[in-house]
Amino acid sequence: MSTRIAFLKGHGTENDFVIVPDPENAVDLPPAAVAALCDRRAGIGGDGLLHVVRSAAHPEARAMAAEAEWFMDYRNADGSIAEMCGNGVRVFARYLQRAGEITEGDLAVATRGGVKRVHLAKDGDITVGMGAARLPEGEVTVRVGERSWPARNVNMGNPHAVAFVADLGHAGDLLTAPPFSPAAAYPDGVNVEFVVDRGPRHVAMRVHERGSGETRSCGTGACAVAVAAARRDGTDPAATGTPATYTVDVPGGRLVITERPDGEIEMTGPAVIVAEGLIDGEWLAAVRG
(Lines give C-alpha, C1' and ligand atoms only; values in the text may rest on other atoms or scores of the structure.)
Protein backbone atom coordinates (compact mmCIF):
# COMPACT_ATOMS: atom_id res chain seq x y z
CA MET A 1 0.00 0.00 0.00
CA SER A 2 1.19 3.53 -0.73
CA THR A 3 2.44 5.44 2.30
CA ARG A 4 0.00 8.21 1.38
CA ILE A 5 -3.73 7.78 0.82
CA ALA A 6 -5.86 10.27 -1.09
CA PHE A 7 -8.76 11.99 0.65
CA LEU A 8 -11.18 14.84 0.02
CA LYS A 9 -13.35 16.95 2.30
CA GLY A 10 -16.91 17.92 1.42
CA HIS A 11 -20.19 18.98 2.96
CA GLY A 12 -23.92 19.11 2.31
CA THR A 13 -25.59 21.96 4.21
CA GLU A 14 -22.52 21.88 6.47
CA ASN A 15 -22.92 18.20 7.34
CA ASP A 16 -19.25 17.48 6.58
CA PHE A 17 -17.42 14.35 5.57
CA VAL A 18 -13.99 12.91 5.02
CA ILE A 19 -14.05 11.20 1.61
CA VAL A 20 -11.73 8.25 0.96
CA PRO A 21 -11.77 7.09 -2.69
CA ASP A 22 -11.01 3.37 -2.73
CA PRO A 23 -12.61 1.74 -5.81
CA GLU A 24 -11.15 -1.72 -5.17
CA ASN A 25 -11.81 -1.74 -1.39
CA ALA A 26 -8.09 -1.95 -0.62
CA VAL A 27 -7.87 0.55 2.26
CA ASP A 28 -8.35 -0.90 5.74
CA LEU A 29 -10.60 1.47 7.71
CA PRO A 30 -11.40 -0.05 11.12
CA PRO A 31 -13.47 2.01 13.58
CA ALA A 32 -10.41 3.45 15.35
CA ALA A 33 -9.02 4.79 12.05
CA VAL A 34 -12.35 6.32 11.04
CA ALA A 35 -12.71 7.99 14.45
CA ALA A 36 -9.18 9.39 14.18
CA LEU A 37 -9.77 10.75 10.67
CA CYS A 38 -13.03 12.40 11.78
CA ASP A 39 -11.43 13.95 14.88
CA ARG A 40 -11.55 17.74 14.45
CA ARG A 41 -8.36 18.37 16.41
CA ALA A 42 -6.14 15.35 15.86
CA GLY A 43 -7.42 14.33 12.41
CA ILE A 44 -9.05 15.85 9.34
CA GLY A 45 -12.45 16.39 10.95
CA GLY A 46 -15.94 15.42 9.87
CA ASP A 47 -19.39 14.28 10.95
CA GLY A 48 -18.68 11.03 9.16
CA LEU A 49 -16.60 9.27 6.52
CA LEU A 50 -17.59 8.37 2.96
CA HIS A 51 -15.66 5.32 1.79
CA VAL A 52 -16.07 5.28 -2.01
CA VAL A 53 -15.99 1.68 -3.26
CA ARG A 54 -17.18 -0.10 -6.39
CA SER A 55 -20.12 -2.27 -5.38
CA ALA A 56 -18.59 -5.36 -6.96
CA ALA A 57 -15.55 -4.99 -4.68
CA HIS A 58 -17.43 -4.86 -1.37
CA PRO A 59 -19.05 -7.93 0.22
CA GLU A 60 -22.00 -5.91 1.55
CA ALA A 61 -22.77 -4.43 -1.89
CA ARG A 62 -22.03 -7.14 -4.45
CA ALA A 63 -25.69 -8.07 -4.72
CA MET A 64 -26.43 -4.46 -5.77
CA ALA A 65 -23.58 -4.19 -8.30
CA ALA A 66 -25.77 -4.84 -11.35
CA GLU A 67 -28.00 -1.94 -10.34
CA ALA A 68 -25.45 0.50 -8.87
CA GLU A 69 -21.76 0.64 -9.78
CA TRP A 70 -20.75 2.55 -6.64
CA PHE A 71 -21.26 1.72 -2.95
CA MET A 72 -21.32 4.38 -0.23
CA ASP A 73 -19.66 2.61 2.70
CA TYR A 74 -20.71 5.20 5.26
CA ARG A 75 -19.28 5.45 8.79
CA ASN A 76 -20.28 7.69 11.70
CA ALA A 77 -17.67 9.94 13.29
CA ASP A 78 -17.07 7.42 16.09
CA GLY A 79 -16.26 4.73 13.53
CA SER A 80 -19.56 2.88 13.81
CA ILE A 81 -21.37 1.75 10.67
CA ALA A 82 -24.56 3.52 9.58
CA GLU A 83 -27.25 2.34 7.19
CA MET A 84 -27.67 5.62 5.31
CA CYS A 85 -26.81 9.32 5.25
CA GLY A 86 -28.87 11.58 3.00
CA ASN A 87 -26.44 14.50 2.95
CA GLY A 88 -23.65 11.99 2.48
CA VAL A 89 -25.25 10.59 -0.68
CA ARG A 90 -25.28 14.05 -2.24
CA VAL A 91 -21.63 14.66 -1.36
CA PHE A 92 -20.79 11.14 -2.59
CA ALA A 93 -22.41 11.96 -5.95
CA ARG A 94 -20.60 15.31 -6.13
CA TYR A 95 -17.29 13.50 -5.58
CA LEU A 96 -18.04 11.06 -8.42
CA GLN A 97 -18.84 14.02 -10.68
CA ARG A 98 -15.60 15.77 -9.72
CA ALA A 99 -13.64 12.56 -10.36
CA GLY A 100 -15.12 12.28 -13.86
CA GLU A 101 -17.00 9.08 -13.09
CA ILE A 102 -20.40 10.68 -13.81
CA THR A 103 -21.86 13.84 -15.35
CA GLU A 104 -25.14 15.69 -14.87
CA GLY A 105 -28.21 13.50 -14.86
CA ASP A 106 -29.19 10.32 -13.08
CA LEU A 107 -27.13 8.00 -10.90
CA ALA A 108 -27.76 4.93 -8.74
CA VAL A 109 -25.81 4.64 -5.46
CA ALA A 110 -25.71 1.47 -3.38
CA THR A 111 -26.02 1.96 0.40
CA ARG A 112 -26.72 -0.27 3.36
CA GLY A 113 -30.23 1.20 3.19
CA GLY A 114 -30.64 -0.04 -0.39
CA VAL A 115 -30.05 1.52 -3.81
CA LYS A 116 -30.72 5.27 -3.88
CA ARG A 117 -31.59 7.20 -7.05
CA VAL A 118 -29.77 10.51 -7.47
CA HIS A 119 -30.22 13.36 -9.94
CA LEU A 120 -27.54 16.01 -10.50
CA ALA A 121 -29.22 19.14 -11.83
CA LYS A 122 -27.60 21.75 -14.05
CA ASP A 123 -28.19 24.40 -11.36
CA GLY A 124 -25.92 22.49 -9.00
CA ASP A 125 -28.50 21.08 -6.60
CA ILE A 126 -28.68 17.33 -6.13
CA THR A 127 -31.90 15.38 -5.55
CA VAL A 128 -31.83 12.01 -3.83
CA GLY A 129 -34.66 9.49 -3.88
CA MET A 130 -34.71 8.48 -0.24
CA GLY A 131 -37.28 5.69 -0.49
CA ALA A 132 -40.38 5.48 1.66
CA ALA A 133 -40.59 6.11 5.39
CA ARG A 134 -41.73 3.46 7.81
CA LEU A 135 -43.74 4.55 10.83
CA PRO A 136 -43.37 1.95 13.59
CA GLU A 137 -46.26 1.69 16.01
CA GLY A 138 -46.02 2.70 19.64
CA GLU A 139 -45.53 5.86 21.64
CA VAL A 140 -42.05 7.30 22.13
CA THR A 141 -40.89 10.01 24.53
CA VAL A 142 -37.64 11.99 24.42
CA ARG A 143 -36.25 14.05 27.28
CA VAL A 144 -33.78 16.89 27.82
CA GLY A 145 -33.26 17.86 31.45
CA GLU A 146 -36.65 18.34 33.10
CA ARG A 147 -38.54 18.64 29.80
CA SER A 148 -40.02 15.75 27.84
CA TRP A 149 -41.97 15.50 24.60
CA PRO A 150 -43.85 12.85 22.64
CA ALA A 151 -41.94 11.93 19.50
CA ARG A 152 -42.91 10.39 16.18
CA ASN A 153 -41.01 7.21 15.38
CA VAL A 154 -39.89 7.45 11.74
CA ASN A 155 -37.54 5.02 10.01
CA MET A 156 -35.72 6.23 6.89
CA GLY A 157 -33.46 3.20 6.63
CA ASN A 158 -32.11 4.47 9.94
CA PRO A 159 -34.15 5.31 13.06
CA HIS A 160 -35.44 8.76 14.03
CA ALA A 161 -37.43 10.26 16.90
CA VAL A 162 -39.05 13.56 15.84
CA ALA A 163 -40.20 15.91 18.61
CA PHE A 164 -42.05 19.19 17.97
CA VAL A 165 -40.98 21.79 20.52
CA ALA A 166 -41.73 25.43 21.32
CA ASP A 167 -38.09 26.58 21.10
CA LEU A 168 -35.03 24.93 19.57
CA GLY A 169 -33.06 26.03 22.63
CA HIS A 170 -35.04 23.47 24.63
CA ALA A 171 -32.95 20.76 22.93
CA GLY A 172 -30.01 21.78 25.13
CA ASP A 173 -26.42 21.40 23.97
CA LEU A 174 -27.03 18.00 22.32
CA LEU A 175 -23.51 16.93 23.26
CA THR A 176 -24.91 13.66 24.56
CA ALA A 177 -27.76 11.57 23.23
CA PRO A 178 -31.16 12.70 24.58
CA PRO A 179 -32.71 9.93 26.68
CA PHE A 180 -35.73 8.18 25.17
CA SER A 181 -38.30 5.64 26.23
CA PRO A 182 -39.21 2.90 25.85
CA ALA A 183 -35.70 1.54 25.32
CA ALA A 184 -37.11 -1.24 23.12
CA ALA A 185 -38.18 1.32 20.50
CA TYR A 186 -34.58 1.88 19.42
CA PRO A 187 -32.36 -1.05 20.44
CA ASP A 188 -29.43 0.31 18.37
CA GLY A 189 -29.82 3.96 19.34
CA VAL A 190 -31.62 6.76 17.49
CA ASN A 191 -31.21 10.10 15.76
CA VAL A 192 -33.31 12.69 17.61
CA GLU A 193 -34.76 15.75 15.84
CA PHE A 194 -36.18 18.77 17.65
CA VAL A 195 -38.49 20.81 15.41
CA VAL A 196 -40.18 24.23 15.44
CA ASP A 197 -42.56 25.78 12.92
CA ARG A 198 -41.40 28.69 10.75
CA GLY A 199 -44.46 29.02 8.50
CA PRO A 200 -46.81 26.97 6.31
CA ARG A 201 -44.96 23.76 5.37
CA HIS A 202 -41.77 25.37 6.65
CA VAL A 203 -39.96 24.08 9.74
CA ALA A 204 -36.55 24.32 11.38
CA MET A 205 -34.71 21.57 13.23
CA ARG A 206 -31.74 20.62 15.34
CA VAL A 207 -30.52 17.05 15.50
CA HIS A 208 -28.44 14.72 17.61
CA GLU A 209 -27.07 12.01 15.31
CA ARG A 210 -26.17 8.77 17.02
CA GLY A 211 -22.43 8.27 16.92
CA SER A 212 -21.75 11.89 15.93
CA GLY A 213 -23.48 14.24 18.39
CA GLU A 214 -25.16 17.42 17.16
CA THR A 215 -24.52 18.00 13.46
CA ARG A 216 -25.21 20.99 11.25
CA SER A 217 -27.56 18.96 9.10
CA CYS A 218 -29.02 15.48 8.71
CA GLY A 219 -30.61 14.47 5.41
CA THR A 220 -32.52 11.43 6.62
CA GLY A 221 -33.49 13.49 9.66
CA ALA A 222 -34.93 16.26 7.46
CA CYS A 223 -36.96 13.62 5.61
CA ALA A 224 -38.20 12.16 8.89
CA VAL A 225 -39.17 15.66 10.05
CA ALA A 226 -41.13 16.36 6.84
CA VAL A 227 -42.97 13.04 7.17
CA ALA A 228 -43.82 13.70 10.81
CA ALA A 229 -44.96 17.25 10.00
CA ALA A 230 -47.17 16.03 7.15
CA ARG A 231 -48.87 13.52 9.45
CA ARG A 232 -49.32 16.15 12.13
CA ASP A 233 -50.70 18.67 9.63
CA GLY A 234 -53.10 16.24 7.94
CA THR A 235 -51.22 16.43 4.61
CA ASP A 236 -50.23 12.77 4.36
CA PRO A 237 -49.85 12.31 0.56
CA ALA A 238 -51.14 8.74 0.72
CA ALA A 239 -54.41 10.11 2.12
CA THR A 240 -54.70 13.32 0.08
CA GLY A 241 -53.34 11.99 -3.23
CA THR A 242 -51.22 15.13 -3.52
CA PRO A 243 -47.44 15.44 -2.98
CA ALA A 244 -46.43 17.26 0.19
CA THR A 245 -43.36 19.51 0.05
CA TYR A 246 -41.75 20.94 3.17
CA THR A 247 -38.86 23.36 3.49
CA VAL A 248 -36.60 22.24 6.33
CA ASP A 249 -34.09 24.72 7.74
CA VAL A 250 -31.07 23.14 9.41
CA PRO A 251 -28.23 25.02 11.14
CA GLY A 252 -26.11 24.55 8.02
CA GLY A 253 -28.62 25.63 5.39
CA ARG A 254 -31.87 24.52 3.81
CA LEU A 255 -33.26 21.31 2.36
CA VAL A 256 -36.47 20.78 0.40
CA ILE A 257 -38.29 17.52 1.04
CA THR A 258 -41.14 16.16 -1.11
CA GLU A 259 -43.17 13.07 -0.26
CA ARG A 260 -45.23 11.63 -3.11
CA PRO A 261 -48.54 9.74 -2.83
CA ASP A 262 -46.70 6.46 -3.58
CA GLY A 263 -44.56 7.05 -0.49
CA GLU A 264 -41.31 7.95 -2.29
CA ILE A 265 -39.46 10.81 -0.63
CA GLU A 266 -37.13 13.15 -2.52
CA MET A 267 -34.57 15.41 -0.86
CA THR A 268 -33.00 18.34 -2.73
CA GLY A 269 -30.05 20.40 -1.58
CA PRO A 270 -26.46 21.46 -2.26
CA ALA A 271 -23.22 19.47 -2.05
CA VAL A 272 -19.73 20.96 -2.11
CA ILE A 273 -16.19 19.56 -2.30
CA VAL A 274 -13.91 21.98 -0.43
CA ALA A 275 -10.47 20.33 -0.33
CA GLU A 276 -8.34 17.35 -1.24
CA GLY A 277 -5.05 16.01 -0.02
CA LEU A 278 -3.09 13.02 1.21
CA ILE A 279 -3.31 11.06 4.45
CA ASP A 280 0.05 10.02 5.90
CA GLY A 281 0.14 6.25 5.76
CA GLU A 282 2.31 5.85 8.85
CA TRP A 283 -0.08 7.98 10.90
CA LEU A 284 -3.05 5.98 9.64
CA ALA A 285 -1.32 2.69 10.47
CA ALA A 286 -0.62 3.96 14.00
CA VAL A 287 -4.23 4.93 14.69
CA ARG A 288 -5.72 1.74 13.33
CA GLY A 289 -5.21 0.19 16.73
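**Figure 1. The loop around Pro-182 in the predicted model.** Pro-182 is placed in the loop that runs between β11 (180-181) and β12 (191-199). The model shown here and in the following views is predicted. The peptide bond that joins Ser-181 and Pro-182 is cis, and its omega is about -5 degrees.

Figure 2. Glu-14 is found in the loop between β1 (4-12) and β2. Although Glu-14 is not a glycine, its phi is positive, at about 70 degrees. Glu-14 counts as partly exposed because its relative accessibility is 35%. Asn-25 lies in the loop between β2 and α1. Asn-25 is likewise not a glycine and has a positive phi, here of about 60 degrees. With a relative accessible area of 27%, Asn-25 is partly exposed.

Figure 3. Helix α1 comprises residues 31-38. Its buried residues are Ala-33, Val-34, Ala-36, Leu-37 and Cys-38. The cover over these buried residues includes the strands β2 (15-21), β3 (48-54), β4 and β18 (272-280). The helix α5 (281-287) is also part of that cover.

**Figure 4. The largest cavity.** Two cavities of 30 Å³ or more are found in a search of the whole structure. The largest cavity holds about 90 Å³ of space. Its lining consists of 15 residues, of which Asn-76, Met-84, Asn-158, Asn-191 and Glu-209 are the closest to the centre. Two or more lining residues come from each of β4 (70-76), α2 (86-98) and α3 (219-233). By residue class, the lining of the largest cavity divides into five nonpolar, eight polar and two charged residues.

**Figure 5. The second largest cavity.** The volume of the second largest cavity is about 30 Å³. Cys-223, Ala-226, Val-227, Ala-230, Ala-244, Tyr-246, Ile-257, Thr-258 and Glu-259 line this cavity. The elements that give two or more residues to this lining are α3, β15 (244-250) and β16 (253-259). Among them, α3 gives the most, with four residues. The lining of the second largest cavity is made up of seven nonpolar residues, one polar residue and one charged residue.

**Figure 6. The largest pocket.** The largest pocket contains about 270 Å³ of space. It is lined by 17 residues, and the closest to its centre are Pro-150, Ala-151, Arg-152, Asn-153 and Val-162. Elements that give two or more residues to this lining are β9 (147-155), β10 (159-164) and α3. The largest share, five residues, comes from β9. The pocket lining divides into 10 nonpolar, two polar and five charged residues.

**Figure 7. The whole protein as context for the close-up views.** The secondary structure comes to five helices and 18 strands. The radius of gyration is 18 Å, close to the 19 Å that the globule rule gives for 289 residues, so the protein is as compact as a globular protein of that length. Along the principal axes, the C-alpha atoms fill a box of roughly 55 × 40 × 30 Å. Of the 289 residues, 52% are buried. Among contacts between residues at least 6 apart in sequence, 62% join residues at least 24 apart. The accessible surface comes to about 12200 Å², and carbon and sulfur atoms account for 49% of that surface.

Definitions and conventions: Residues numbered from 1 in each chain as written. Predicted model: local features only at pLDDT ≥ 70, side-chain atom pairs only at ≥ 80, totals over all residues. Heavy atoms only, no water. 1 Å grid on protein atoms, 1.4 Å probe; cavity = no way out; pocket = protein on both sides within 12 Å on 5 of 7 lines; lining within 4 Å. Points joined across faces, edges and corners; volume = space filled by probe spheres on them. Nonpolar A, V, L, I, M, F, W, Y, C, P; charged D, E, K, R; others polar. Buried < 20%, exposed > 50% of the residue type's maximum accessible area, 1.4 Å probe, protein only. Contact = heavy atoms within 4.5 Å. Rg over C-alpha atoms; globule rule 2.2 N^0.38 Å. Areas by Shrake-Rupley, 256 points an atom, 1.4 Å probe, with all protein chains shown as cover.
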